[in-house]
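Hi,

Here is the structure I promised to pass on. Please have a look, and then read on for what turned up.

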Protein chains: 2
Amino acid sequence: MPITANDTNRKSWLEVPFNSDFPIQNIPFGVFLTKENIVTVGTRIGDFAIDLGALQQLNYFEGIELTDDMFMQDTLNDFISDGQKTWRLVRNRIAEIFDEKNLKLQDNTKDRDIIIFEMEDIEMQLPVLIGDYTDFYSSKEHATNVGKMFRDPENALLPNWLHIPVGYHGRSSTIIPSGIPVHRPMGQTLPNGETTPVFGPSRSVDFELETAFITTDVNIMGENIAVSEAEDYIFGMVLLNDWSARDIQKWEYVPLGPFLAKNFATSISPWIVTMDALDPFRTRGPKQEPTPLPYLQQKGKHSFDINLEVAIQPEKSEATVISRSNFKYMYWTMSQQLAHHTSNGCRVNSGDMMGSGTISGPTPDSYGSMLELSWGGKNPIKLKDGTERKFINDNDTVIMKGYCLNGQVRIGFGEVSSKLLPPFVRK
Amino acid sequence: MPITANDTNRKSWLEVPFNSDFPIQNIPFGVFLTKENIVTVGTRIGDFAIDLGALQQLNYFEGIELTDDMFMQDTLNDFISDGQKTWRLVRNRIAEIFDEKNLKLQDNTKDRDIIIFEMEDIEMQLPVLIGDYTDFYSSKEHATNVGKMFRDPENALLPNWLHIPVGYHGRSSTIIPSGIPVHRPMGQTLPNGETTPVFGPSRSVDFELETAFITTDVNIMGENIAVSEAEDYIFGMVLLNDWSARDIQKWEYVPLGPFLAKNFATSISPWIVTMDALDPFRTRGPKQEPTPLPYLQQKGKHSFDINLEVAIQPEKSEATVISRSNFKYMYWTMSQQLAHHTSNGCRVNSGDMMGSGTISGPTPDSYGSMLELSWGGKNPIKLKDGTERKFINDNDTVIMKGYCLNGQVRIGFGEVSSKLLPPFVRK
């Protein structure tokens, strides 16, 4: 089925501001709450949110086989579960409905009033009920930087890293959409030079710049999928801030990996940008040397050219961009991650989310965490207001943005932005 | 509210075989499927399964405030979410209904036919939709044994172990009830002495003898709960087999912990035994030295005397018990685990599950995994049929049982039993 929604010649009758992340060629999917307290599945064009539940009820999806309540839900799980064919039919249809040449909805003021909202009038929700969340560790630069700082500078990369898309399980219950603030976590840490730990607020709260992909139902338990098929099971991508408390992490993570250092919060951007929308931005990832084992081998372009940036905005001050990176630097591809994840028969369901791991580029200004940007606190980062940061301060807002750009179109993610509040104090 | 369901003088009018795990003092909760393809929440007395949905519809819960469809569901999540007061009212009422002195249902053949099933006529399901699954590592003996084998025999216990109930996130999507077989997983391993990994069937599939507890809604994100309150949020316990592929684990687990070595399957016993039923079996755990940090300190009896055993049953042969252990050996209590889990504000929901970690006792015949029982394969275990095991063979069934016993009553879990099938081969 052709992805006609990607037609770069198409213009929408809805106004799209210059440099918007959401032209009619994007058509991401999300869930939003209206002022009337109605939750619905939606999409976005320019600065307008579009109620897909209303579109369906008013018969604009006629001819596409959909369950009656496909979009009048508080998650995208059912829609995602329906598979790639349905996603494509719906996205292509939305493009047609909002094409400037199509007058059907354009000229129907009554329907428009029901279907279209201004972004400032709605509130974005978590787009999916995330059953299981896995976080990978697939940036060679990030793994090397961490290895240099905490282990052996001469053998920074662990022996398994070039063979395995290393990953671990994260916590689903604390994944939140952009805009929700996060408390600085309390936790156990071992002060430098001490042998007895203390309990108190983390003193090194960090972000990790990541993306994540959301899957449809992939396999039944016990079976695996081939790397060549894996992309068909990926619905789309979001930006992800993997909040991390470095001091808690350092003390707790051996031998079972990070736990409380990470599970206090994970923030994601609320619009899922489909793999179809990202298709024009395919690129080759870095050469994989040594050649991966056969179950991870793939040919062609399986990485994506997605520009990423991180800014810190102190309270009552302007934001400073502190890192500019790109998803294309990632060593392991999403399809390799997913094939690896099912290689042992592990079941992956609709709405499961898999994070990329911190995306660090090759240069110091493209690192994806304060840990790396300030090199463990040795080189504080200067902000525009004259203050310095080794890690994140209380009341700082961390803002991540991502977009693809070629000569013809810009496809963006919007942002994931969240403020770090002081520690929670029980009243 | 008194726990009258624990009255040891009470007898049921339903027959309870000698030494049954399910006398009228137990009243566990589960979900079962009838031959008519109806799924319902239920309990068990002797070898009878009781349909709580039918009990409610026929008005046997009159006077207890319950939503109309509380029990006509395929999970216990809503019931668990209702909290301790409701659990206790319902469990006490069930004890009354099945008390031999109570003739109401006893003499009503029509109602009995609708409500009561023989165990052999129903099929147990997963009792809860598990949002997040955490697995702890709280047996000092197990952590020490593993440390001796894989790290430093002189410093087997890592420095954080005596201060933190170490835990990590597991995978929810592959948690299955007793009776469902498991395929031997495929995976990457590094053969001894080699530097290049290979991909193939795991050659060291192991069980881990564990229990797990299931929580109600504990906290809102960002807040924590005190260790002194933690037990109020625990609904009950099950037996858990944390299937593990040792060769995959060894190669993949540094630095982020076990992943594919564990997430191919986790088996649990289907009846959740409530904390109320276990209350008579409270005991003190081992002395904690050094004294934990204040947020983990507790007084009184917070461990439980639960006898545990593991048997291996080869195909077409009888079972051999290979380990006898007890939950009371665990160093960290469930309430300490839960308080630690929320200490950073991590949200814990109704239906979340937390595994104890492998339960190894002090003597070699009480170890909770083949890894320890065979000491890394050095001392194969002899079975009754004359064969030996270093790890689990294809078509072996691993059977775990657990029960509490005092002079007055036996409260048991039944079993978690599952067969290891050969690797899945794509047709």
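A word on terms before the interface: a salt bridge here is a side-chain nitrogen of Lys or Arg within 4 Å of a carboxyl oxygen of Asp or Glu. By that rule, four salt bridges cross the interface of chain A and chain B. One of them links B:Asp132 with A:Arg171, whose closest N and O atoms are 3.6 Å apart.

Please bear in mind that this is a predicted model, in which local features need pLDDT of at least 70 and side-chain atom pairs count only at pLDDT 80 or more, while totals for chains, interfaces and linings use all residues. Residues are numbered from 1 along each chain as its sequence is written, chains are lettered from A and ligands numbered from 1 in the order in which they are written, and side-chain values use heavy atoms, with hydrogens and water left out.

Back to the interface. Chain A and chain B each bring 63 residues to the contact (heavy atoms within 4.5 Å). About 5800 Å² is buried between them, 62% of that from carbon and sulfur atoms; buried area is the accessible area (1.4 Å probe) that two parts lose on being put together, summed over both. There are also 27 residue pairs in polar contact between the two chains, both residues at pLDDT 80 or more. A polar contact is a pair of N or O atoms within 3.5 Å; within protein, one must be able to donate a hydrogen and the other to accept it, and residues adjacent in sequence count only if both atoms are side-chain atoms.

Elements giving two or more residues to chain A's side include strand 7 (167–169) and helix 8 (334–342) of chain A. Helices (H or I, at least four residues) and strands (E, at least two) are DSSP runs, numbered from the N terminus. Strand 7 of chain A gives the largest share, three residues.

Helix 8 of chain A is largely enclosed by the rest of the structure, because nine of its nine residues are buried. Buried means under 20% relative accessible area, exposed over 50%, partly exposed in between (1.4 Å probe, protein chains only). Its cover includes strand 6, strand 13 (209–215) and helix 7 (275–278) of chain A.

What about disulfides: how many does a search of the whole structure find? Zero, over all chains, taking a disulfide as a pair of cysteine sulfur atoms within 2.5 Å. The sulfur of A:Cys346 is too far for a bond because the closest cysteine sulfur, in B:Cys346, is 20 Å away. A:Cys346 is buried, at 0% relative accessible area.

Best wishes
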